[in-house]
There are 8 protein chains.
Amino acid sequence: VRCGMPEVVLAEGKEPEAFAEIMLAQVKAAGRCVATRLSPEHLDALRARLPPDVRMEHREAARAVILSTGDEPVPPRGGTVAILTAGTSDIPVAEEARLIAEEMGCEVRTAYDVGVAGIHRLFSALKDLIPADVFIVAAGREGTLPAIVAGLVDRPVIGVPVSTGYGYMGGGEAALASMLQSCSVLAVVNIDAGFTAGAFAAQVAHGGRRE
Amino acid sequence: VRCGMPEVVLAEGKEPEAFAEIMLAQVKAAGRCVATRLSPEHLDALRARLPPDVRMEHREAARAVILSTGDEPVPPRGGTVAILTAGTSDIPVAEEARLIAEEMGCEVRTAYDVGVAGIHRLFSALKDLIPADVFIVAAGREGTLPAIVAGLVDRPVIGVPVSTGYGYMGGGEAALASMLQSCSVLAVVNIDAGFTAGAFAAQVAHGGRRE
Amino acid sequence: VRCGMPEVVLAEGKEPEAFAEIMLAQVKAAGRCVATRLSPEHLDALRARLPPDVRMEHREAARAVILSTGDEPVPPRGGTVAILTAGTSDIPVAEEARLIAEEMGCEVRTAYDVGVAGIHRLFSALKDLIPADVFIVAAGREGTLPAIVAGLVDRPVIGVPVSTGYGYMGGGEAALASMLQSCSVLAVVNIDAGFTAGAFAAQVAHGGRRE
Amino acid sequence: VRCGMPEVVLAEGKEPEAFAEIMLAQVKAAGRCVATRLSPEHLDALRARLPPDVRMEHREAARAVILSTGDEPVPPRGGTVAILTAGTSDIPVAEEARLIAEEMGCEVRTAYDVGVAGIHRLFSALKDLIPADVFIVAAGREGTLPAIVAGLVDRPVIGVPVSTGYGYMGGGEAALASMLQSCSVLAVVNIDAGFTAGAFAAQVAHGGRRE
Amino acid sequence: VRCGMPEVVLAEGKEPEAFAEIMLAQVKAAGRCVATRLSPEHLDALRARLPPDVRMEHREAARAVILSTGDEPVPPRGGTVAILTAGTSDIPVAEEARLIAEEMGCEVRTAYDVGVAGIHRLFSALKDLIPADVFIVAAGREGTLPAIVAGLVDRPVIGVPVSTGYGYMGGGEAALASMLQSCSVLAVVNIDAGFTAGAFAAQVAHGGRRE
Amino acid sequence: VRCGMPEVVLAEGKEPEAFAEIMLAQVKAAGRCVATRLSPEHLDALRARLPPDVRMEHREAARAVILSTGDEPVPPRGGTVAILTAGTSDIPVAEEARLIAEEMGCEVRTAYDVGVAGIHRLFSALKDLIPADVFIVAAGREGTLPAIVAGLVDRPVIGVPVSTGYGYMGGGEAALASMLQSCSVLAVVNIDAGFTAGAFAAQVAHGGRRE
Amino acid sequence: VRCGMPEVVLAEGKEPEAFAEIMLAQVKAAGRCVATRLSPEHLDALRARLPPDVRMEHREAARAVILSTGDEPVPPRGGTVAILTAGTSDIPVAEEARLIAEEMGCEVRTAYDVGVAGIHRLFSALKDLIPADVFIVAAGREGTLPAIVAGLVDRPVIGVPVSTGYGYMGGGEAALASMLQSCSVLAVVNIDAGFTAGAFAAQVAHGGRRE
Amino acid sequence: VRCGMPEVVLAEGKEPEAFAEIMLAQVKAAGRCVATRLSPEHLDALRARLPPDVRMEHREAARAVILSTGDEPVPPRGGTVAILTAGTSDIPVAEEARLIAEEMGCEVRTAYDVGVAGIHRLFSALKDLIPADVFIVAAGREGTLPAIVAGLVDRPVIGVPVSTGYGYMGGGEAALASMLQSCSVLAVVNIDAGFTAGAFAAQVAHGGRRE
Ligand SMILES: Nc1ncnc2c1ncn2[C@@H]1O[C@H](COP(=O)(O)O)[C@@H](O)[C@H]1O
Ligand SMILES: Nc1ncnc2c1ncn2[C@@H]1O[C@H](COP(=O)(O)O)[C@@H](O)[C@H]1O
Ligand SMILES: Nc1ncnc2c1ncn2[C@@H]1O[C@H](COP(=O)(O)O)[C@@H](O)[C@H]1O
Ligand SMILES: Nc1ncnc2c1ncn2[C@@H]1O[C@H](COP(=O)(O)O)[C@@H](O)[C@H]1O
Ligand SMILES: [Mg+2]
Ligand SMILES: [Mg+2]
Ligand SMILES: [Mg+2]
Ligand SMILES: [Mg+2]
Ligand SMILES: [Mg+2]
Ligand SMILES: [Mg+2]
Ligand SMILES: [Mg+2]
Ligand SMILES: [Mg+2]
């Protein structure tokens, strides 16, 4: 395990059978292993090959799966990550970020779909999240929410563009562009990059608490 | 004069001498004529050829000039246009829009640099502008302000991307993209297109008041 | 209901089941609710969950559906919106715009497929539409029609690029570009953005008639 | 001389001194030689080296120069090329096309700035040009004029996008895109490619009249 | 029939049923009518509705269909069009061009797949095609063939980029770019635009032979 | 002062005189104020208007200036930021980040030009920087260094693309792209965005140490 | 066979039946022939038409097929090509390169999936490959591996971007850009262009050993 | 000196004074050092600081300079590189490649401006170059020449796109695209990347001749 991060396999773009072999080899070697961006075919291939001593947890909302050989949960390392989404379509990306941050021993608090329902819902959501060490904010289309949150909190805010929106600069491109051009202080990850957002946020949240 | 719009000449891209000739021919024919996006060279060429019976008004902030042969002001046609800008760099584009809307007989009210100073300044600015028939909102970098205004008022909001911002999708490109992708109800004109925004807004503001 | 606009749910990109739940929650809360850009799967999911006291109207040409709990029609607010299309492929986008404008209490008049049949058909179509307060013009490929209409009428014209055309800058990109670069006075919405065009036009058409 | 075309040197991008040497070598070898897209520095370098037996004709409007050792004019080969421009900024590109077509022995008729002054001016311009074998139409910004002309004449129409227009897809990009996407029958050359348009049109105009 | 061109319907992007209705209405009105870019569904819809007095000719290689009410062939108008392709994947686009040129009364000669087999095969192909009035050259990937042909013949050459090639600037984009940047004298149509190439070439080939 | 950040004015794009007025107003109001991306003209305008009671510190390497009315240094808030650059051209962007992080009360340690001199120089540089809470890594051209650093340290790494490199995707575009696509865990800011990188890093470095 | 290269047919984009005919004609003429980028449909069409005297070898990992009429293996021409991949998704492209290099008579050594497992695995892989005359390095996402290898070996390194990675500049675009911008000495082929990489490497490996 | 390559400093983008210091430090350390892409200001700064014991050779055509402390020439390592250009504007890039290949101990033969003067001039040029181990071919605009050369020689061909050409995909972009899409076997470097082409070619030319 490099740098305290979980073993994470990107299923997308891999042949289902090859993918399953890689996963089983990794869980053997490391005791625990995560895969993201799974298709149903990836899941089937994994299920068909799963040995009795490997536990498999399917996180549907995150399009992810966790394999483990033991029963011990992830050891807590301290630090809290807040995750917000602008709409409901952004939730899978947010859930991927959450899974990774939890695998890295952080506490995660979420407030989803707070972008369209007016500023009041956002204010009350932020109240619950304020003790967080770092904020992840996922948004599609024009991607405004991260900049608004960054204007309201003192802690670092990571913007995650999400691949929604049709027409010119749809598919998350306008969201990425507006986050990079923002007058607010934001750091950004690639479109739909829930894994990177979650792992980076966990590194921030760990703070002085070294392994 | 087509469709009640003023004669407007785009100076940019024209040879100064040729530009001056065109302007003088138009003011002769129409009695009044406007030029936008002038360089100092355009201005010099115009000054050097100005006959004594033509009045020239230089609107520096709008990078524009008005030529007229008579003294009568533009006849009012009714309708009020509100123009807001996010920052100070957006003001020249806003002033170009204002000039055109005024030339088309509208009353114009402005509130500049209301994007960065916090939501309170925006609220108090909007209070003064609320009776307007239509809003023009100019913004560069990530171009968020038009969508925020559109969420607060019932009248149509026209977004004008402004060519500020460096790096990826700078020069107004991110602003254009985020306005086109906005969940708010916005219509958009091209980057720096103050003329189009002003003329379109005046058409909206005229409402039932036909010529 | 924000700003006198109908509740509109964008079906595209939402899981059919989640989509149906959102719709039913909204129609409960607001009495009336619209969804646009539906797939057959979205429609099936909605039909399978529809309670007896909710009325469902399927507008196939607009790829939209209206849910309502009562029988009262939309209260008229005044104002007339004219909608033109260049070809037959532009009609679904035009119908989406029409649905929204009608939901916002406007009268809508349409003239479809008037771009290719010669200027005479356009002239006679415009004669019927002239009393309109605002024009929506949908066009794909090179997207010329909005600029032509804007040269012929005094009222504001909103260009809607439509995702037709193959090859370089196909899929509505050339249409968007030529509308933004147009010498005519046009405001523009994103490619295929019938919803935004309809809602913006209704705001223009409402004019002084405040809620 | 390849394929009956004049020797044409593209000055832009060449060191003035090297450019002048190339020109003088070519006029020595071929008796006649043209250069396009000259800067004042290119012109100065040429003037400083011009031998007494070489005639130099500066075509300022075309940003071009013609060198020749003899006095015979270009021998006529028959065929008429019509050249139209939408605005005044398109004239240098049109003049470059004209120069090349004339060098290739064609008669050229022009009608400049007929795009903005209403359809009547275009109609009356076309009446004079109708006997032409081929039409070149230069237009910037949204580049609509070539498609309109193509709808009115039976002969081939070549669209030349011109690098005018600011903002998104300015500099001739929108014009190129809309000409390529046009429903009208158009062939297109690159942005500002007056040379290519003129030479191609001359080839069309030559028709059966082989050298 | 506008400008002596056949009625041509673009099937792609139209609902099969609506498409069939449009075709039958046009053949009724004009006696003859062509459709291009058909899917099998378009063909089925047409077959299912075909009245006994309408003849239907399916040109599979051109992905096109011709409907006619009478038996008279297209009247010849004179002029010869040569069509070349670089590879075998370019043939459908070439066949679409051929169909249109023949419908416009031209003789068509073809030489397909002459781009890869060495310059000798091209030379011998050109020998057969030389009397042609105009050349259409279709090529994908880097799109070099049109420029080579233009260097060898005196008549006008129209480049047609074809949507082949994977990776960066695949799908015909590199071919379009290299044809537009070519030092040879070429006019260009959009990617896969066989219809436009065929109709433009026929206009050239008609030469002085007016209808 | 919003969110514990210094008042920072972006000089670029502002008229020198207007810029100087804004700066003097801000230093009056806030006691301290920073400007970045200054031209010599901005500096001159500031010098010409500087009142005797305002201290001006010119940070040439950062293209920045600090105005202050008092003599107290920035109060330390704890936290250490490490800043690395791949080459020497990246130093101005790194210095802008350093200035902002110091203004926000952080200790900053730097290691410049460690990308090209072999991995050994990087290793020894990292040894000195290891106690840092967060790393900023600035790199142009292909932008590889941030990913390498992220593979070697446990703390969060912020990639800053720098506008160097000519040709395709030069000017920082390839660097931005490769940082966003990186398999390493990186958060990214826009090209040349030293201000954003410094402010974000300071927020991370503050950790639990709230104001 | 041109230039000692095998006959290679690109199956992608060809109709299965036409593809099979082309293959059989080529194997008849040349005795041996390769096809790459096959779909299952291409394979079926080939199998259905395979005459008894033609041997068919299916290289699944390379998505390729080899037809031959005789039994003699490819004659060795000397030279060794090393092929590395960063991940497992890059293997099909690497295998296509390997097949071509072997068909051109080179020895090939491979080390796959050496990009993510830490620098040690790369070092030990390189030790086995060091005697190679040339290196092919295939990598997706940010495409860093070729530059790292080029920094470690004296022989030429060819970068092959692979179409993996989602979001902005995914699909191999970031990899292509970073290889072209690399400070290391790299030559590059198009995204997924295993054929070109393999053939170019074989030409390098042949060195002085002319046919 | 890494991997037998000369110390090469990219002057472009460096402050003249800082550049001169770097150069002098490198020549002290390594005895010899090269700089490319120099402006006159870089050259002046170097001249002003040149100590008497450092020799400076200005290669104007390559926009480069060589500093050395001793008098020994570069030791020959064997291997011949052929460099061709399509036009005269490509020569500076070719000269930069030549300088690097010579610094790496190769013999270089050149044939410039062989792209436009007909295939015969190319054939006779190739005859002189044939014994070369590797070919560099520089070309701008549509960038066809490298593919033609690759079709005529057995040795590896490296394409160098050059930043000439105006309009769409000018500045070397079309040349890069067409080289990457080429059906011929080509490896490519970035636009204007003479240094990379020369160094890569030298590595190929060294062949088995290890240091
Ligand atoms: N067809 C449509 N095009 C653009 N925006 C829409 C469309 N339909 C709904 N919206 C808006 O998109 C936003 C997000 O929608 P939802 O995800 O349904 O909450 C809401 O503000 C909707 O009003
Ligand atoms: N204005 C122009 N636009 C496009 N091509 C040109 C122009 N002027 C010359 N050319 C052509 O560009 C090619 C290279 O020109 P040169 O560099 O002058 O040898 C030749 O084939 C010229 O005929
Ligand atoms: N394959 C094609 N490519 C380009 N344009 C076409 C094609 N087929 C038909 N067209 C033209 O496209 C325009 C719109 O076609 P339609 O929508 O069928 O009326 C008409 O002017 C047709 O002549
Ligand atoms: N170098 C910089 N890069 C990015 N943003 C900046 C920079 N300098 C100042 N800003 C911010 O840009 C916004 C607009 O600045 P101003 O126009 O100075 O009010 C403010 O929020 C500043 O904090
Ligand atoms: Mg904040
Ligand atoms: Mg509103
Ligand atoms: Mg109008
Ligand atoms: Mg016509
Ligand atoms: Mg020719
Ligand atoms: Mg790390
Ligand atoms: Mg190396
Ligand atoms: Mg070869």
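This is a predicted model: local features need pLDDT of at least 70, side-chain atom pairs count only at pLDDT 80 or more; totals for chains, interfaces and linings use all residues.
User: Why is G:Ala150 called buried?

Analyst: Its relative accessibility is 9%. Buried means under 20%. Therefore G:Ala150 counts as buried.

User: And what makes G:Val153 buried?

Analyst: G:Val153 has 3% relative accessibility. The cut-off is under 20%, so the label applies.

User: Which residues coordinate the magnesium ion (ligand 12)?

Analyst: H:Ala150 (O) and H:Val153 (O) do, at 2.0 to 2.3 Å. H:Ala150 and H:Val153 are both buried.

User: Why is the site of ligand 1 called shared between chains?

Analyst: Because the residues around ligand 1 come from chains A and C. Chain A gives A:Arg141 and A:Tyr166. Chain C residues include C:Lys14, C:Arg37 and C:Phe195.

User: How do you know that A:Arg141 makes a polar contact with ligand 1?

Analyst: A side-chain N or O atom of A:Arg141 is 3.0 Å from a nitrogen atom of ligand 1. A polar contact needs N or O atoms within 3.5 Å, so this pair counts. C:Thr36 has a polar side-chain atom 2.7 Å from a ligand 1 nitrogen. For C:Glu96 the distance to a nitrogen of ligand 1 is 2.9 Å. Taken alone, ligand 1 exposes 490 Å², and the protein buries 86% of that.

User: Which element gives the largest share of the shell around ligand 1?

Analyst: Strand β1 (residues 8-10) of chain C, with three residues. By class, the shell holds five nonpolar, one polar and four charged residues.

User: Where does ligand 2 lie?

Analyst: Between chains D, E and H. Its surroundings include E:Cys183, H:Arg141 and H:Tyr166.

User: What makes D:Lys14 a polar contact of ligand 2?

Analyst: A polar side-chain atom of D:Lys14 is 2.5 Å from a ligand 2 oxygen. That is within 3.5 Å, so the pair qualifies. H:Tyr166 places a polar side-chain atom 2.6 Å from a nitrogen of ligand 2.

User: How do you know that chain C and chain F do not touch?

Analyst: Contact means heavy atoms within 4.5 Å. Chains C and F have no such contact, and their nearest C-alpha atoms are 20 Å apart. Chains A and E are not joined by contact either, with closest C-alpha atoms 16 Å apart.

Conventions: Residues are numbered from 1 along each chain as its sequence is written. Chains are lettered from A and ligands numbered from 1 in the order in which they are written. Side-chain values use heavy atoms; hydrogens and water are left out. Buried means under 20% relative accessible area, exposed over 50%, partly exposed in between (1.4 Å probe, protein chains only). A residue is near a molecule or strand if one of its heavy atoms lies within 4 Å of it. A polar contact is a pair of N or O atoms within 3.5 Å; within protein, one must be able to donate a hydrogen and the other to accept it, and residues adjacent in sequence count only if both atoms are side-chain atoms. Donors are N, O and S atoms within 2.8 Å of the metal (3.2 Å for Na, K and Ca); water is not among the atoms, so sites may look incomplete. Accessible areas come from the Shrake-Rupley method with a 1.4 Å probe; for residues, only the protein chains shown count as cover. Helices (H or I, at least four residues) and strands (E, at least two) are DSSP runs, numbered from the N terminus. Ala, Val, Leu, Ile, Met, Phe, Trp, Tyr, Cys and Pro count as nonpolar, Asp, Glu, Lys and Arg as charged, and the others, Gly among them, as polar.
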